[in-house]
Each structure stands twice: as structure tokens, then as C-alpha cells.
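Thanks for coming. I will go through one structure today, starting with its sheet and ending at a strand elsewhere in the chain. Please have the sequence and the model open.

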Amino acid sequence: KKINSNLILTIAGKGPELTNVKEKYKYEEDIKFKGYVEGKEKVKLLEEADIYLFPSEYEGMPISILEAMYFGLPVITTRVGAIKDFFIDHKMGYSCYTNNFVDIQYNNLSSLILDTNLRKKMSDFNKNFAKDNYSASKVISKLDSTYTRIVNENKV
């Protein structure tokens with residue numbers, strides 16, 4: 001809010017700290033709690049967003065990051081689970097290994113808020129990356145190719 005007074009933080013999803021966070025910020029008008037979202041409501045939130053924050057401490061392969069990238073959102077995240085296997089720092093957004101997420105990512109978030117050209121560059125990269133690598137047709141084609149190769153290698 002110090003950088004841009006028009007900011008709105010939308011928190012979607014649920015987790016063990018949600019009740020505590022809601023209580024702590026219950027009087028903040030610019031923090032919206034949506035809870036678990038899916039379908040058209042999720043699409044609407046992703047279309048309205050400018051930046052996607054994902055400060056998870058534990059993950060496998062978070063589909064929500066891929067969805068955010070598909071919608072062209074720069075991502076600020078932690079390098080946990082499979083994120084560290086595909087995430088390209090400074091192209092897709094920013095990531096860090098620590099649970100000290102806020103302190104480390106404050107400057108990165110600030111630069112994305114202030115620099116529309118940087119956001120656009122990351123947005124374009126993420127849209128293309130998600131479509132080229134994680135669209136349903138691409139994933140099915142890769143799976144088919146992998147299974148075909150495995151079957152052919154194991155024929156007697």
C-alpha cells in the first residue's frame with residue numbers, strides 16, 4: 001500500500017493459518033478472502049489479477065501456478081516440490097528457498113507493482129511457456145510418446 005494505494009490483496013484457498021490471518025486482518029478493506037474457489041470464479045479471479053503470490057512451504061506440483069502462468073501472471077513463489085524443477089527465476093517471476101518469504105520477496109513484489117513493462121514481459125513469457133509445455137494436448141502427447149517408447153523398449 002505504501003507503493004500503490006490502489007492495491008487489493010485477494011486470498012483464495014484454504015490452509016491451516018487461514019483463520020488466524022482472517023482474524024488479524026478482519027478490518028482491512030483491501031484484503032479479500034475468497035476461500036476455496038473453482039470453475040468460473042477461479043477464472044474470474046485469475047483474469048482480474050496482476051501478480052500471483054504462492055508462498056507455500058510444502059507442495060508437490062501445484063497446478064495453481066501453472067493456471068496462473070496460463071493466464072499470464074508473473075509468479076512470486078517458494079522453491080518447494082516440483083516448482084524448483086521448472087521455475088525460471090527472473091523470467092517467470094521470482095522464487096526463494098526460505099520460509100522468510102515476505103522479507104526476501106518484498107523488493108521483487110515492489111518491482112512488479114511499479115514496473116508494468118516487467119510485468120508484461122513476464123506475463124508474455126508465462127503464457128507462452130504454459131501453453132507450450134502444460135496445455136492438455138501437450139501433456140497427453142508427451143505421455144503417449146513416453147508410454148510408446150517404454151512399450152517398444154520392453155518388447156521381446
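Over how many bridges do β3 and β4 pair, and in which sense, parallel or antiparallel? They pair over 3 bridges, in the parallel sense. Before I go on, please keep in mind that this is a predicted model.

Let me place that pair in its sheet. The sheet is open and has 3 strands, in the order β3-β4-β5, with parallel pairing. β3 and β5 are the edge strands, each with pairing on one side only. On average, neighbouring strands here are turned by 5° against each other, direction ignored.

Now the bridges in more detail. Leu53 has Ile76 as its bridge partner in β4. Ile76 in turn has a bridge partner in β5, namely Tyr94. Between β4, residues 75–78, and β5 there are 4 bridges, and these two strands run parallel.

Staying with β5, which covers residues 93–96, are its faces covered or open? Both are covered. Gly93 and Ser95 are buried on one side, and Tyr94 and Cys96 are buried on the other. As background, side chains in a regular strand alternate between the two faces of the sheet.

Next, the cores. The largest nonpolar core has 16 residues. Those with the most contacts inside it are Tyr52, Ile65, Met69, Val75, Ile83, Phe86 and Met92. Two or more residues each come from β3 (52–54), α3 (63–70), α4 (83–86) and α6 (116–134). The largest share is that of α3, with 4 residues. There is another core apart from this one, with 9 residues, including Ile76, Cys96, Ile113 and Met122.

What does Met92 touch? The list is Met69, Pro74, Val75, Phe86, Phe87, Met122, Phe125, Asn126 and Phe129. Asn126 is the second residue, and it lies in helix α6. Asn126 counts as buried because its relative accessibility is 0%. Its contacts, on the same terms, are Met69, Leu73, Pro74, Val75, Lys91 and Met92.

That brings us to the aromatic rings. Across the whole structure, a search finds 5 aromatic pairs. One of them is Phe86 with Tyr134, an edge-to-face pair at 5.9 Å centre to centre, with 65° between the planes. Why does this pair tie together parts that are 48 residues apart in sequence? Because Phe86 lies in helix α4 and Tyr134 lies in helix α6. Phe86 is buried, at a relative accessible area of 9%, while Tyr134 is partly exposed, at 31%.

Another pair is Phe125 with Phe129, and this one is stacked, at 6.1 Å centre to centre and 15° between the planes. Both residues are in helix α6, 4 residues apart, which is about one turn of the helix. Phe125 is partly exposed, with a relative accessible area of 27%. Phe129, at 17%, counts as buried, because the cut-off for buried is under 20%. Taken together, Phe86, Phe125, Phe129 and Tyr134 form one aromatic cluster.

The axes of α6 and helix α7, residues 136–153, come within 5 Å and cross at roughly 40°. On the α6 side the contact is made by Lys131, Asp132, Asn133 and Tyr134. On the α7 side it is made by Ala136, Lys138, Val139 and Lys142. Sorted by class, this contact has 3 nonpolar, 1 polar and 4 charged residues.

Last, a residue in another strand. Ile31 is found in β2, residues 31–35. Is Ile31 buried or exposed? Ile31 is buried, with a relative accessible area of 17%.

Key
Residues are numbered from 1 along each chain as its sequence is written. This is a predicted model: local features need pLDDT of at least 70, side-chain atom pairs count only at pLDDT 80 or more; totals for chains, interfaces and linings use all residues. Side-chain values use heavy atoms; hydrogens and water are left out. A nonpolar core is a set of buried Ala, Val, Leu, Ile, Met, Phe, Trp, Tyr and Cys residues joined through side-chain atoms within 4.5 Å. Buried means under 20% relative accessible area, exposed over 50%, partly exposed in between (1.4 Å probe, protein chains only). Contact means heavy atoms within 4.5 Å. Two strands pair if DSSP finds at least two bridges between them. Axes are lines fitted to C-alpha atoms, for helices over the stretch in contact, and angles run from 0 to 180 degrees between N-to-C directions. Ala, Val, Leu, Ile, Met, Phe, Trp, Tyr, Cys and Pro count as nonpolar, Asp, Glu, Lys and Arg as charged, and the others, Gly among them, as polar. Rings of Phe, Tyr and Trp (its six-membered ring) pair if their centres lie within 6.5 Å; planes under 30 degrees apart count as stacked, over 60 as edge-to-face and the rest as tilted. Lists of a residue's contacts leave out its neighbours within four places in sequence.
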